[in-house]
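Please look over the sequence and the model shown here before reading the notes that follow.

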Amino acid sequence: VAEYSADREAANSEHSAVMEYYGKIKERCIAKPETYAERARRREAEIAGLKEALTILDDETAFTQRGKHGRKSRHFLSMEPRA
């Protein structure tokens, strides 16, 4: 009986240590659902970034499509016939 009591105490001690460790890491490892406000804020930031990127690309495209004397230059991959 004494041997079983010692085994039970050891198992309870180990179980307590495991549960304490689990309690510490549970907050970092278990995913928490995002609130609507957080999702909306992140989405608005993403849309603003995409709009900024589109503006930059449009400006660069307009700049690179102009040849000498302000004419549009023909891109080598374009399907338009040469004039």
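Glutamate 34 has a relative accessible area of 33% and is therefore partly exposed, a label that covers values between the buried class (under 20% relative accessible area) and the exposed class (over 50%), computed with a 1.4 Å probe and protein chains only. This is a predicted model, in which local features need pLDDT of at least 70 and side-chain atom pairs count only at pLDDT 80 or more, while totals for chains, interfaces and linings use all residues. Residues are numbered from 1 along each chain as its sequence is written, and side-chain values use heavy atoms, with hydrogens and water left out.

**Glutamate 34 and its partners**

- Glutamate 34 lies in the loop between α1 and α2 (36–64), and, leaving aside neighbours within four places in sequence, it is in contact (heavy atoms within 4.5 Å) with Arg39 and Arg42.
- With arginine 42, glutamate 34 also forms a salt bridge, with a distance of 2.4 Å from N to O; the term stands for a side-chain nitrogen of Lys or Arg within 4 Å of a carboxyl oxygen of Asp or Glu.
- Arginine 42 is partly exposed as well, since its relative accessible area is 44%.

**The other salt bridge**

- The search of the whole structure finds 2 salt bridges, and one of them joins lysine 24 to glutamate 20, whose closest N and O atoms are 3.8 Å apart.
- Lysine 24 and glutamate 20 are separated by about one helical turn, because they are 4 residues apart in helix α1 (residues 2–29).
- An α-helix has 3.6 residues a turn, so residues three or four places apart point the same way.
- Lysine 24 counts as exposed, because its relative accessibility is 58%.

**Helices**

- The protein has 2 helices and 0 strands, where helices (H or I, at least four residues) and strands (E, at least two) are DSSP runs numbered from the N terminus.
- Helix α1 has 28 residues and reaches 39 Å from its first C-alpha to its last, close to the 40 Å expected at 1.5 Å a residue, a span calculated as 1.5 Å times one less than the number of residues.
- At glycine 23, α1 bends by about 30°, which is the angle between axes fitted to the seven residues ending there and the seven starting there.

**Surface**

- Of the 83 residues in the protein, 1% are buried.
- The protein exposes about 8500 Å², of which carbon and sulfur atoms supply 57%, the areas coming from the Shrake-Rupley method with a 1.4 Å probe.
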